Amino acid sequence: MKLEFDLDTYLEKIKNGSNYFHTFINRESLAAGVLVLQPGEEDTQTPHDIDEVYYVISGNGSLKIGDKNYKVSKNKLFFVAKDVKHYFHSNTKELKVLYFFGGPDS
């Protein structure tokens, strides 16, 4: 089982791939990954069936959770409960975010 992770590796996979996110831990009790959104790029995620936490590495914009918008900036942390609609938007800089699920990313 891998215990050490280098985010630069996964950021490079996103840069050279077709997805804006990459899940690098995906276990029954926990999933973790990173997402990168360029200005104007759409966050197409749908509500998840498990709770989630986002940690903003860099960038700006907003995160809509339910009916409310939250300002996104470096070092902010957000909790999103399961089954709640949410998505990032309105970033004018590249947005990099770590995400953690309380179970597997399906």
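**Close-up views of side-chain contacts**

Lys96 is partly exposed, at 22% relative accessibility (buried means under 20% relative accessible area, exposed over 50%, partly exposed in between, with a 1.4 Å probe and protein chains only). This is a predicted model, in which local features need pLDDT of at least 70 and side-chain atom pairs count only at pLDDT 80 or more, while totals for chains, interfaces and linings use all residues. Residues are numbered from 1 along each chain as its sequence is written, and side-chain values use heavy atoms, leaving out hydrogens and water.

**View A. Lys96 joins Glu94 in a salt bridge.** The structure holds one salt bridge (a side-chain nitrogen of Lys or Arg within 4 Å of a carboxyl oxygen of Asp or Glu). Here the N to O distance is 3.7 Å. Glu94 is partly exposed, with a relative accessible area of 33%.

**View B. Phe5 and Phe24 form a tilted pair.** Six aromatic pairs turn up in the whole structure (ring centres of Phe, Tyr and Trp, its six-membered ring, within 6.5 Å; planes under 30 degrees apart are stacked, over 60 edge-to-face, the rest tilted). The ring centres of Phe5 and Phe24 are 5.4 Å apart and the planes are at 45 degrees, so this pair is tilted. Phe5 is partly exposed at 29%, whereas Phe24 is buried at 17%. Ring pairs also link Phe5, Tyr10 and Phe24 into a cluster.

View C. Tyr70 is partly exposed at 31% relative accessibility, and Phe78 is buried, with a relative accessible area of 10%.
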